[in-house]
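Work through the exercises below with the sequence and the 3D view side by side. Try each task before you read its solution.

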Amino acid sequence: MHLTVELTYAADTTAVAAALSDPEFLRWRSQDRGAAAATVVDLSGSHHAGFTLSLRRTVPTDVIPSQLRHVVGDQLEIRQAEAWEAPVDGRYVGTVVVEITGAPVRLTGTLLLAPTEDGGTRHVVEGELHASVPLFAAAVEEAAASAVRRALEAEAQAARDWLARG
């Protein structure tokens with residue numbers, strides 16, 4: 001299943017990339033989203049030269065339709081890895097992989113931070129979402145796509161709140 005999510009920020013791309021590569025923000029955004037277990041954050045590089053990050057957190061399965069929860073249990077472990085290149089002309093590009101263990105779901109895709117005409121930032125996440133659950137793949141992919149969209153919107157709102165703090 002193809003997935004495209006577009007988010008916007010009132011801050012410029014440098015400020016957004018700085019937030020996305022700040023370990024304090026990464027911990028804060030995960031906690032703000034209600035992670036049930038401690039989030040592991042590995043970060044290398046900087047928003048000036050490119051950076052990579054990996055996150056791992058455990059969340060409740062309330063985002064999965066109730067008829068499929070018996071397949072995944074009470075919690076999901078989400079592993080996310082992003083690799084961002086150094087900026088070129090104010091644009092940042094990268095790749096992302098998100099795996100949901102226990103609900104064999106994987107998202108692989110691209111990332112973009114691009115300036116908008118009003119001085120803000122457009123953040124685009126685009127990729128392919130696959131579920132490898134026999135007989136239920138389509139239903140799991142639909143549920144996962146909805147959950148990914150909601151998670152990205154929540155993370156974008158956390159970034160907006162973080163950036164607004166100054």
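## Exercises on a predicted model

**Exercise 1. Classify the ring pair of Phe51 and Trp84.**

Solution. Two values are needed. A pair of aromatic rings is described by the distance of the centres and the angle of the planes. The structure holds two aromatic pairs. In the pair Phe51 and Trp84, the centres are 6.0 Å apart and the planes meet at 20 degrees, so the rings are stacked. The cut-off for that step is an angle under 30 degrees.

Now locate the partners. Phe51 belongs to strand 3 (residues 50-60) and Trp84 to strand 4 (residues 75-85), so the pair ties together parts 33 residues apart in sequence.

Are the two residues buried or exposed? Phe51 has a relative accessible area of 3% and is buried. Trp84, at 4%, counts as buried too.

**Exercise 2. Describe the surroundings of His47.**

Solution. First, the place: His47 lies in the loop between strand 2 (40-46) and strand 3. Second, the accessibility: at 14%, His47 counts as buried. Third, the polar partner: the side chains of His47 and His48 are joined by a polar contact of 3.3 Å. Last, the other contacts. Leaving out residues up to four places away in sequence, His47 touches Thr14, Ala17, Ala18, Ser21, Pro87 and Tyr92.

**Exercise 3. Find what lies over the face of Tyr9.**

Solution. Go to the ring centre of Tyr9. At 5.5 Å from that centre, Arg160 lies over the face of the ring.

**Exercise 4. Sum up the whole chain.**

Solution. Count the elements: four helices and seven strands. Turn to burial: 42% of the 166 residues count as buried. Then take contacts between residues at least 6 apart in sequence: 52% of them join residues at least 24 apart. End with the surface. The accessible surface is about 8300 Å², and 52% of it belongs to carbon and sulfur atoms.

Notes:
Residues are numbered from 1 along each chain as its sequence is written. This is a predicted model: local features need pLDDT of at least 70, side-chain atom pairs count only at pLDDT 80 or more; totals for chains, interfaces and linings use all residues. Side-chain values use heavy atoms; hydrogens and water are left out. Rings of Phe, Tyr and Trp (its six-membered ring) pair if their centres lie within 6.5 Å; planes under 30 degrees apart count as stacked, over 60 as edge-to-face and the rest as tilted. Helices (H or I, at least four residues) and strands (E, at least two) are DSSP runs, numbered from the N terminus. Buried means under 20% relative accessible area, exposed over 50%, partly exposed in between (1.4 Å probe, protein chains only). A charge sits over a ring if NZ of Lys or CZ of Arg is within 6 Å of the ring centre and within 35 degrees of the ring normal. Contact means heavy atoms within 4.5 Å. Accessible areas come from the Shrake-Rupley method with a 1.4 Å probe; for residues, only the protein chains shown count as cover. A polar contact is a pair of N or O atoms within 3.5 Å; within protein, one must be able to donate a hydrogen and the other to accept it, and residues adjacent in sequence count only if both atoms are side-chain atoms.
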